[in-house]
Amino acid sequence: MVNESGDVPVIVAPHGKLQGSRWLLNQEGFLIGRGDDCDLVVQDRQVSRHHARIRNTEEGYLLEDLGSKNGTHVNGSLLSEPALLQDGDEIQVALAIKLTFIGTEATLPLSFTEAAHMGLSRLRMDAEAHRVWVNDIEVDPPISPPQFRLLELLFNHSERVVGREEIASYVWPGTHGVGVSDQAIDALVRRLRDRLYSVDPSHNYVETVRGHGFRLANPI
């Protein structure tokens, strides 16, 4: 079933090693598992060779577990029978990977922050691994801890301008912003811009909003 606008549903990986990846759901069925013949191959021991399948039906897209050893969950509930997927449903394959079902392009997250955390924006982050990608190219060598904290703050609040006091408190924890000069913040912003520019010189990711602070310009 393709919706009336002609859009084909997708699943996206909002976290982990595959963060930002997305797969179109074909009409014949979408197979998830460890086997090389799967549409989405997850190389993890917890995942069965043929673990789960998403089927296109008259009612919509159905997710079914294929008798896997470690199970498939939808929104935290173990799947015991095929489930009709709804926009935004979270699919967990064993403990290996979490996916999000997006029914139509029109229902993709409208919030820049939501889109960023689902891996749908141009700049992506993995806070636990301290990694940053721009246009699917990893920023290497890794950016410094203060630059990473600044980017993380802007990334987590992409829908608004972040003020200097908030930046000072977050980037230099324990200082409560006391003793952090505007010059120190400006220098940090400049260094972060330079690192991102070295990967993607076509776009300015950190915008200055005069009199207010800074904002992350992170296109979907």
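How many residues does helix α2 have, and how far does it reach from its first C-alpha to its last? I looked this up first: α2 (residues 145-156) has 12 residues and reaches 16 Å, close to the 16 Å expected at 1.5 Å a residue. The expected span is 1.5 Å times one less than the number of residues.

A note on my source: this is a predicted model, where local features need pLDDT of at least 70, side-chain atom pairs count only at pLDDT 80 or more, and totals for chains, interfaces and linings use all residues. Residues are numbered from 1 along each chain as its sequence is written, and side-chain values use heavy atoms, with hydrogens and water left out.

Next I checked helix α4 (residues 182-199), which has 18 residues and reaches 26 Å. Helices (H or I, at least four residues) and strands (E, at least two) are DSSP runs, numbered from the N terminus.

I then asked what is buried (under 20% relative accessible area, 1.4 Å probe, protein chains only). In α4 I found Ile185, Ala187, Leu188, Val189, Leu192 and Leu196. These residues pack against several elements, including α2, β15 (206-209) and β16 (213-216); contact means heavy atoms within 4.5 Å.

On to β15 and β16: they pair in the antiparallel sense over four bridges, where pairing needs at least two DSSP bridges between two strands. Val206 has Leu216 in β16 as its bridge partner. The two strands form a hairpin with three residues between them, and Gly211 in the turn has a positive phi of about 85°.

Last, I traced the open antiparallel sheet, ordered β12-β13-β14. β12 and β14 stand at its edges with a single partner strand each, so one side of each lacks a neighbour in the sheet.

Technical notes:
Buried < 20%, exposed > 50% of the residue type's maximum accessible area, 1.4 Å probe, protein only.
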